Amino acid sequence: MLRRLVTAAAVLAGLHALPAQALEFRSVKETGVALYEAPALSAKKLFLVSRYYPVEVLSSQKDWARVRDATGGIAWIPQAALSGQRWLLVTADQAVVRATASADGQPLFSVARDGVLQWQEAPKDGWVKVKHRDGSSGFARITDLWGL
């Protein structure tokens, strides 16, 4: 019995030593791309997504990627429809983008729910540097966004 406990503890300790798997986020290249139920163009289309829409890549299979969206929905998308450019989806009612990474920072602009912002730099202290499609940039709270 003691031997089993020691073995189980060693296995669990080894699991904690494994490196964390990095999340892979990509965005959709063009407006009107279909997400499918299975990795085939003949599969049922679940819904259409717009350009810049971020998805989390869960796995890849030949020319297809299995992805998750901000709602938790899982679907398949052709690999060719994905861009390496990182965009973030606004999940709060409104994301206020500020001049500095602080709640006291001057508000520069805001983006409504389901809008997108381009990821610019790694998050720090709860804020991430973002850029609007019009070229304006600043800092947004990471809690207002999905795709990080």
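Biologist: Buried means under 20% relative accessible area. On that cut-off, is Glu56 buried or exposed?
Modeller: This is a predicted model, and in it Glu56 has 10% relative accessibility, so the residue counts as buried.

Biologist: Where is Glu56 found, and which residues does Glu56 touch?
Modeller: Glu56 belongs to strand β4, residues 54-61. Not counting residues up to four places away in sequence, Glu56 touches Leu23, Glu24 and Phe25, then Arg66, Val67 and Arg68, and also Trp146.

Biologist: Val67 is on that list. Which residues touch the most other members of the largest nonpolar core?
Modeller: Val67 and Ile77 do, in a core of 19 residues. The elements that give two or more residues to this core are β1 (24-28), β2, β4, β5 (64-68), β6 (74-78) and β8 (87-90).

Biologist: What is Ile77 in contact with?
Modeller: Leaving aside neighbours within four places in sequence, Ile77 is in contact with Val28, with Val33, Ala34 and Leu35, with Asp63, Trp64, Ala65 and Val67, and with Leu82.

Biologist: On to strand β2. Which residues lie on each of its faces?
Modeller: Strand β2 covers residues 33-36, with Val33 and Leu35 on one side and Ala34 and Tyr36 on the other.

Biologist: In which sense does β2 pair with β3, and over how many bridges?
Modeller: The pairing with β3 (residues 45-49) is antiparallel, over four bridges. Within that pairing, Ala34 stands opposite Leu48.

Biologist: How many aromatic pairs does the structure hold?
Modeller: There are three. In one of them, the ring centres of Tyr36 and Trp64 are 5.5 Å apart and the planes lie at 90°, so the pair is edge-to-face. Because Tyr36 lies in strand β2 and Trp64 in strand β5, the pair ties together parts 28 residues apart in sequence. Tyr36 is buried at 8% relative accessibility, and Trp64 is buried at 11%.

Biologist: And how are the rings of Tyr52 and Trp87 arranged?
Modeller: That pair is tilted, 4.0 Å centre to centre with 35° between the planes. Tyr52 lies in the loop between β3 and β4, and Trp87 in strand β8, so this pair ties together parts 35 residues apart in sequence. Tyr52 is buried, with a relative accessible area of 15%, and Trp87 counts as buried at 4%.

Biologist: Trp87 again: what about Gln118, which is in contact with Trp87? Is Gln118 buried or exposed?
Modeller: Gln118, in strand β11 (residues 116-119), counts as buried at 14% relative accessibility. Beyond four places in sequence, Gln118 is in contact with Gln85, Arg86, Trp87, Lys129, Val130 and Lys131.

Biologist: Finally, where is confidence lowest, and where is it highest?
Modeller: The lowest is helix α1 (residues 2-17), at a mean pLDDT of 41, and the highest is strand β13 (residues 137-141), at 97. Over residues 1-20 pLDDT stays under 50, and the model has zero contacts beyond four places in sequence for them. The mean for the protein is 87, and 85% of its residues reach 70 or more.

Technical notes:
Residues are numbered from 1 along each chain as its sequence is written. This is a predicted model: local features need pLDDT of at least 70, side-chain atom pairs count only at pLDDT 80 or more; totals for chains, interfaces and linings use all residues. Side-chain values use heavy atoms; hydrogens and water are left out. Buried means under 20% relative accessible area, exposed over 50%, partly exposed in between (1.4 Å probe, protein chains only). Contact means heavy atoms within 4.5 Å. Two strands pair if DSSP finds at least two bridges between them. A nonpolar core is a set of buried Ala, Val, Leu, Ile, Met, Phe, Trp, Tyr and Cys residues joined through side-chain atoms within 4.5 Å. pLDDT is the predictor's confidence in each residue, from 0 to 100. Rings of Phe, Tyr and Trp (its six-membered ring) pair if their centres lie within 6.5 Å; planes under 30 degrees apart count as stacked, over 60 as edge-to-face and the rest as tilted.
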